[in-house]
Amino acid sequence: MKYASIIPLILCCALQCAAETAPHTDPENKGAWVLNKALSDEFSGTKVDSEKWHIQGTDDHYENNFKGRAPSQFVPANVSVSDGHLKITTKWQPDFGFLDAQKDGHRYGNITTGAIISKTNFQHGYMETRCKAANGPVSSSFWTTGKGGELDVFEHWGKDTKSSESTHRYHTSFHDWRDNKSPTWGKRIWTNTHRLDFHVGEAFHVYGFEWDENYIKIFVDGGLVRTVTREEVGDNWVIDDPQKVWLDSEIFPWEVKPASLTAADFPGEGLDFVVDYVRIWQRKGSGDPKEIRQNLIKNSSFESGLTDWDDKSNPKAPTKTSAEDNAGCDGAKAAFLPQGGRALEQKIDLKPNTTYILSGWLSLPGSDGKGSWHHASFGVKNYGGEEVRAKSTAHDFTRYSLQFTTGSSDDSATVFFTNDQKGHPAFGDNFELFEVGG
Ligand SMILES: [Ca+2]
Ligand SMILES: [Ca+2]
């Protein structure tokens with residue numbers, strides 16, 4: 001072999017090794033992270049590493065007795081490694097010999113998919129994957145399970161069905177598996193909902209999750225989406241025990257009616273959830289949840305009344321938009337929009353061609369917390385892209401966030417909070433706008 005052909009190989013290895021020595025969110029490795037090699041995988045071979053992963057259904061063994069979310073069934077042949085990627089393929093295969101069984105009221109049939117679960121577990125650390133969700137009506141998920149609790153880092157959904165927001169949602173949650181007599185057994189008991197400014201099935205992105213004993217941090221493409229302390233989560237904090245790592249695809253009946261699916265939804269050789277790598281890092285001791293970032297919104301918690309906000313309400317309306325005492329989830333005051341058609345706005349100076357995350361807390365005291373019949377939203381417009389919103393139907397104060405990228409010649413944006421329903425009040429509090437990586 002000539003030197004000329006060796007040099008690119010060495011360079012390639014050096015770049016690859018550098019990428020593996022530090023998390024995407026901490027390129028200088030200030031956190032003194034150490035890669036857990038037993039749980040990390042670049043998927044660079046020609047098959048799934050059976051030392052690291054169990055493929056669900058291998059030798060008829062299903063970890064946690066989970067055979068797939070019916071109608072889709074986990075099948076080992078649907079999991080492969082090639083071109084440096086793990087592929088979990090969901091196929092329309094009506095002739096497959098499905099299990100003669102039901103799950104949650106649906107029979108297995110027509111759709112095969114796959115799952116892998118790590119053979120070892122870990123306790124506390126930083127998890128990262130670079131991946132592209134399956135671009136169709138199926139989930140692409142990165143999650144963990146351990147004694148008492150489940151963490152869903154994300155459950156991406158690759159096709160708009162009931163909600164046009166589904167393909168842009170970065171949904172992180174805890175499920176309670178502590179006590180099978182508890183009313184919250186198996187249910188989501190803590191959730192973070194973030195709206196991405198891209199379709200999860202169209203390109204690769206890097207998703208990160210830091211699991212500290214005292215806090216969690218959620219990341220996308222190196223940017224911090226949210227830090228949440230154990231204290232804030234309270235009794236709903238369920239991830240204390242060692243966790244195993246899962247990657248899988250499922251049919252979510254709350255996103256799509258299983259009976260409505262046809263061969264046309266799974267064209268060609270099927271839909272691939274493509275994973276470039278999974279890396280798990282650990283370190284000694286606990287980290288610091290503190291953030292030193294500047295919130296770009298003025299009077300963001302309404303403790304100075306409506307100062308710095310433009311009231312867009314009809315001046316002749318009998319009830320007034322206000323900052324109410326003893327109403328806030330952060331400090332004493334919250335913005336109060338007594339009925340639909342009211343809005344507050346703030347114009348903010350920003351940098352062009354830069355990504356920002358906007359978050360806020362909304363409460364709709366007239367809502368049952370379930371229906372969509374009463375909603376309020378906050379969002380951003382006039383930044384060089386389409387107006388985007390985070391919409392809430394939550395009774396109690398609930399946090400939402402969204403991200404957006406300013407246009408190449410746009411140096412400001414308008415943040416708004418609006419009540420979209422006649423006759424019902426809405427509260428908003430603690431709006432924050434951060435530059436990603438700033
Ligand atoms: Ca790879
Ligand atoms: Ca407040």
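Strands are DSSP runs of E that hold at least two residues, numbered from the N terminus. The model used in these exercises is predicted.

**Exercise 1.** Find where Asn382 lies and decide whether Asn382 is buried, partly exposed or exposed.

Solution. Step 1: locate the residue. Asn382 sits in the loop that runs between strand 25 (376-381) and strand 26 (388-392). Step 2: look at the backbone. Its phi is near 60°, a positive value in a residue other than glycine. Most residues other than glycine have a negative phi. Step 3: apply the cut-offs. A residue is buried with 20 or more other C-beta atoms within 10 Å and exposed with 12 or fewer. Asn382 has 16 C-beta neighbours inside 10 Å, so Asn382 is partly exposed.

**Exercise 2.** Describe the peptide bond between Ala70 and Pro71.

Solution. Step 1: omega is about 10°, and the bond is cis. Step 2: most peptide bonds are trans. Step 3: Pro71 is in the loop between strand 2 (53-55) and strand 3 (72-74).

**Exercise 3.** Describe how domain 1 and domain 2 meet.

Solution. Step 1: the domain assignment gives domain 1 as 12-282 and domain 2 as 310-435. Step 2: their C-alpha centres are 31 Å apart. Step 3: eight residues of domain 1 contact ten residues of domain 2. Step 4: on the domain 1 side, strand 14 (188-195) and strand 17 (223-229) each give two or more residues. Step 5: the residues of that side are two nonpolar, three polar and three charged.

Note on methods. Residues numbered from 1 in each chain as written. Chains lettered and ligands numbered in written order. Predicted model: local features only at pLDDT ≥ 70, side-chain atom pairs only at ≥ 80, totals over all residues. Domains from an automatic or database assignment. Contact = placed C-beta atoms within 7 Å. Helix = DSSP H or I, 4+ residues; strand = E, 2+ residues; numbered from the N terminus. Nonpolar A, V, L, I, M, F, W, Y, C, P; charged D, E, K, R; others polar.
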